[in-house]
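Visitor: I have a structure to go through. Please show it to me first.

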Amino acid sequence: MYDAYTPKDVAGSLPVEVTCLAFQVSESNQTVLAGGRAGHLYAYSVSSNRRGGFELSKFCKSFHKKAVQELKVCEREDLLLCVSDGQLMAHRLSDQDFKVETLIHKAKPVQTFARFSPKTSGDLYVIVASRKKLFLFKWGEKDGHKDFIEVALDYNPVFTDTPSSIKCVGEMVFFSVRNEYFSMTMQKDKTARTSSSDDVAPEAWNGFVTRLLNFNCQPGIVPMIDKRRVAFVRSETVQMTDIWGNRPADGLKDVLTFTEVPMQIVYDSPYLVGMLSNGRVEVLSLFSDVPVQTMKLPKSMRLCNGAKGQIFVASLSDIWLMDTATNLRKNVYHLIQERQFEMAIQLADNSNLIPDDQKIEIKKKAALNLFNQKKFDESLALFGEIKTEVVQILRMFPELLPDGFQKPPGGVTDMPANDRMRALLALGNYLSEVRTEHAKHIELYNRLRSSGQAKKTDTEEMNTLLLTLRVVDTTLLKCYIKTKPALVDSLIRLQSNACTFEDAKKILESEERLRSLFVLYETRKKHEMALDLLIDQSCRENADPFFDDAIQQIVEYLQSLGNNSLPLILKYAKWVLDKNLEAGVQIFTSDETEMARNLNRKAVVEFMKSECPEAMIPYLEHVIFKWEEPASYFHETLLEYYVAKVNSLFKDYVHAFPDDENITRAGDEDGELGIFRKRLLRFLEISHSYSPQTVLLQLAPHAFFEERALILGRLKQHDQALALYVNTLKNVPAAEEYCKLYYNPADDTNSQVYLLLFRALVHPNQHHHHSIPFNADSTPFGSFRDDVSETSTVVNSTSSYQPDVNTAIKILAKYADKIDTIGALNMLPAKTPLRVVFSAINAVIQTTGRQASTRKMEKSVSECAMTKKLERKNRAQSTKIVVTFSSECVVCDKKIAVSAFVRYPDGRLAHLYCHNDVKI
């Protein structure tokens, strides 16, 4: 025990019996107000002389006619609320005679009242207990002056008696009814309608009542605002809850016990002070069950809170001040010696008598004491509160100190494994908060520096912060490895991570954290190290499961690099292509990012030519078909590799094919040959960015007639192409498709393709297959067979072909509108029977007739449209438009004047530019 409070006289031997106390704090002074049984009011203020103490500053003998039962000071509103003779009245606090401002008639007799100050409003409300009900009043304007206006308050249930004690904490109201404590949550009713009565405020509140505790003594409710608690007297014990009426979860004691039932208690942090019988005042600490102090003040009966660390006590005729300041220093050092650091900190923080550096030293000792008690979270939180240097804290964790720091003995090293793990977990949480705060300061400094607003002192401070952050991040990495391995990678990925690469690499290698090591390499852009690690781990049987799909990881890694890292990409792409061709091609063809699309494609092609020709076709197909690359270099390269692939496959195909069996049509062959010939044919058909002559030289001379025909078509050598379809391939439907592909009535050459087809059928020997000069040394492919002759699928160029007049007539009939009829008929042999030609002539006549009818109809429609246009033009030209100085634009309402204008059908005018901007 120790003397927490020292009593001092305020007023003695008053001529009246004191019935209640109130305390007023103003900018200029502190005043205690004492109400008497005879209705008198005394005001004692701090004396202005050097000796201190209190002196009578005001005395109002006619304050009330009867005993003053309760007083409340409302400093901001300059009101003194008083209950006397069951009536609640408001007095002017600054008035010398405490003039009555108003009184409340609707609630009488008043049992008790409390000031209600919701956080959502700065207005003054008063809750009044009267006639088994609670009433709510608001201080506001009424009839041109300030008054209390009733506010609708709806709550349940109905009380069996009038509430006898009321306290408010924010939107919570606590009160007692008979032998029960209740809480009521206040909520403003947003749906309430405005009342037409001046006596009722245009708002309403709802109260949600909850039963809390029973008691069998004089009720006592004490708000503990700084602890967010409320204390309830229950006989000798005091039960504490949070402000919502639930059991507190802050770790402090929730039950305190007095030596007997207190008549009244007040809270003065960190003490609960109770008024006991026979004038005894007992002081309890929130941190201990043992009473701190017991003093006896003769016949004392009432307590009232004063300033922080002060409590006023009143007997029937005397008033004392209990003050903690007198013995504060002695008590703080006594508590430190007794290792009651929480109490010491509370007392020191509540007073200005102890310097800040001493307060910090007290908290540092308290934090060390908590650490020794293995309360690691509380200890580190207190270290953080006083901004202790990180290195000082790390001295308690010698194994985590960075290299170069002297490692003291002891600390967590000597603790059991379980306690050491708890300490490391607490340290990790603390360091995480520290690094977040430091990173924010550094980010703010970088913004100031970029805008040119940083000062020299800021730069010096940032250098210190960066050094501290480096120590924090390095230590946090070690800590997470031991306690929270799942967070190691997240820490490394932080952009603001200040741990040096060498330190992090050394730590991760020593712990064999290869996965995190890869993340470090990736984050710090050590690309070669990251890729070498993936390759190395892919070859190990007992590697971490993270590296099971190392090839795909390498592919994704290389895809994330840009054109600046192309040599590096090509270096490691070679390894991937050797392992998996498809995965290797994905490096250069990814559509997930723009990196692959923006690579130097010509360099990639040259790389594939030398290192992996097999990847060329899939890569160029993606570049040309997906990315729509127009450059002829890539188109010709793809054709070169198509032809090489087809030539190679066709050579094996021909040697494996019986000589007496016809070869399958192009693209229908089995296996890869059919697939690649289809691709080649399609590409020859759709691409316009290659040299046909070059491709002709690359194709083998004794095969690939379909491809050759398409190329000849690109060269507009349609007679030779059609001769291949008709005479060599015997495929008239393919020849028709060829004509559809190239027919263009606006082109002199391409408009004759159907006529050339007709001629190829009628005179096959006149425009037979034209041999393409071939030199085996001019291409890398050469002939597929040395024995290719008349027995093979290739038709000898000196063969004689039979005319197919019937098919030619069908072509003429089918495409009569696309063939020069006279020219075609002149090509027919003179001995052609008329009945054979009849169907074609009939089709030509019908087509000609349809065309004539169509032209005639088009002419009629055009003439009709022209007539209407001319009529409209004539009407418009005959319309008189008058523009005067008063003519205005219908859009902007400004004068037309000499501006260009538009006239609408209804005669309105508008500026041309207004008309273009706004359509009417």
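Predicted model: local features only at pLDDT ≥ 70, side-chain atom pairs only at ≥ 80, totals over all residues.

Guide: Residues are numbered from 1 along each chain as its sequence is written, and side-chain values use heavy atoms, with hydrogens and water left out.

Visitor: Are H24 and H26 roughly parallel or roughly antiparallel?
Guide: H24 spans residues 805–814 and H26 spans 834–878. Their axes (lines fitted to C-alpha atoms over the stretch in contact, with angles from 0 to 180 degrees between N-to-C directions) lie 8 Å apart at about 10°. Angles under 35 degrees count as roughly parallel and over 145 as roughly antiparallel. The two helices are therefore roughly parallel.

Visitor: How many residues of the contact of H24 with H26 are charged?
Guide: Contact means heavy atoms within 4.5 Å. H24 gives Asn-806, Ile-809, Leu-812 and Ala-813, while the residues from H26 include Val-836 and Ser-839. Asp, Glu, Lys and Arg count as charged; Ala, Val, Leu, Ile, Met, Phe, Trp, Tyr, Cys and Pro as nonpolar; the others, Gly among them, as polar. The division is 8 nonpolar, 2 polar and no charged.

Visitor: Which helices cover the buried residues of H24?
Guide: Buried means under 20% relative accessible area, with a 1.4 Å probe and protein chains only. Val-805, Thr-807, Ala-808, Ile-809, Ile-811 and Leu-812 of H24 are buried. Their cover includes H22, H23, H25 and H26.

Key
Helix = DSSP H or I, 4+ residues; strand = E, 2+ residues; numbered from the N terminus. Parallel < 35°, antiparallel > 145°, perpendicular 65-115°, else oblique. Buried < 20%, exposed > 50% of the residue type's maximum accessible area, 1.4 Å probe, protein only.
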